[in-house]
Amino acid sequence: MLNYRITISGRVQGVGFRWSAYQLAQQLGVSGFVRNLPTGQVYIEAQGDSATLDRFTDRLAAGPTPYAKVSRVDKVTGPFQDYGHTFTIRR
């Protein structure tokens with residue numbers, strides 16, 4: 001089990017990015033959360049197995065909504081967290 005701390009840059013706010021990330025996490029069985037940052041970026045904490053997290057990150061980098069334009073994805077490994085086996089959208 002891995003935990004990734006992901007920061008997504010580009011045109012990612014106001015384009016349905018958080019909702020799309022939420023739906024993708026639900027489909028893949030990823031737990032964690034997504035939220036907008038005041039910098040205009042999106043921050044995600046995602047937890048799951050390595051292959052699933054790689055698939056999740058790759059799909060986020062491609063822009064999970066047609067209106068998003070991802071210019072950069074920064075990912076670091078973080079400590080295991082208890083997200084209650086759910087993925088949520090935070091404000």
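**The aromatic rings and their surroundings**

Modeller: Arg90 lies over the face of Phe33, 3.7 Å from the ring centre; a charge is placed over a ring when NZ of Lys or CZ of Arg is within 6 Å of the ring centre and within 35 degrees of the ring normal. This is a predicted model, in which local features need pLDDT of at least 70 and side-chain atom pairs count only at pLDDT 80 or more, while totals for chains, interfaces and linings use all residues. Residues are numbered from 1 along each chain as its sequence is written, and side-chain values use heavy atoms, with hydrogens and water left out.

The setting comes first. The chain has two helices and five strands, taken as DSSP runs numbered from the N terminus (helices H or I, at least four residues; strands E, at least two). From the N terminus on, these elements follow the order β-α-β-β-α-β-β.

A search of the whole structure finds four aromatic pairs. In one of them, the rings of Trp19 and Tyr22 are stacked, because their centres are 5.2 Å apart and their planes stand at 25°. Rings of Phe, Tyr and Trp (its six-membered ring) pair if their centres lie within 6.5 Å, with planes under 30 degrees apart counted as stacked, over 60 as edge-to-face and the rest as tilted. Trp19 and Tyr22 are three residues apart in helix α1 (residues 17-28), so about one helical turn separates them. Both are partly exposed: Trp19 has a relative accessibility of 48%, and Tyr22 has a relative accessible area of 24%. Here buried means under 20% relative accessible area, exposed over 50%, and partly exposed in between (1.4 Å probe, protein chains only).

Phe33 and Tyr43 form a tilted aromatic pair, 5.9 Å centre to centre with 50° between the planes. Phe33 belongs to strand β2 (residues 31-36) and Tyr43 to strand β3 (residues 42-48), so this pair ties together parts that are 10 residues apart in sequence. Phe33 is buried at 4% relative accessibility, and Tyr43 is buried at 12%. Together with Tyr83, these two residues form one aromatic cluster.

Beyond its neighbours within four places in sequence, Val30 is in contact (heavy atoms within 4.5 Å) with residues including Ala25, Ala46, Leu53, Phe56 and Phe87. Across the chain, 42% of the 91 residues count as buried.

Charged pairs complete the surroundings. Side chains of opposite charge can pair when their charged atoms come close. The whole structure holds three salt bridges, each defined by a side-chain nitrogen of Lys or Arg within 4 Å of a carboxyl oxygen of Asp or Glu. Glu45 pairs with Arg5, their closest N and O atoms being 3.6 Å apart. This bridge links distant parts of the chain, with Glu45 in strand β3 and Arg5 in strand β1, 40 residues apart. Glu45 is buried, at 9% relative accessibility.

A salt bridge also joins the side chains of Asp54 and Lys75, at 3.9 Å from N to O. Asp54 lies in helix α2 and Lys75 in strand β4 (residues 69-77), so the pair ties together parts 21 residues apart in sequence. Asp54 is partly exposed at 31% relative accessibility, as is Lys75 at 38%. Arg72, in strand β4, forms a salt bridge with Asp74, the closest N and O atoms being 2.9 Å apart. Not counting residues up to four places away in sequence, Arg72 touches Thr7, Ile8 and Ser9.
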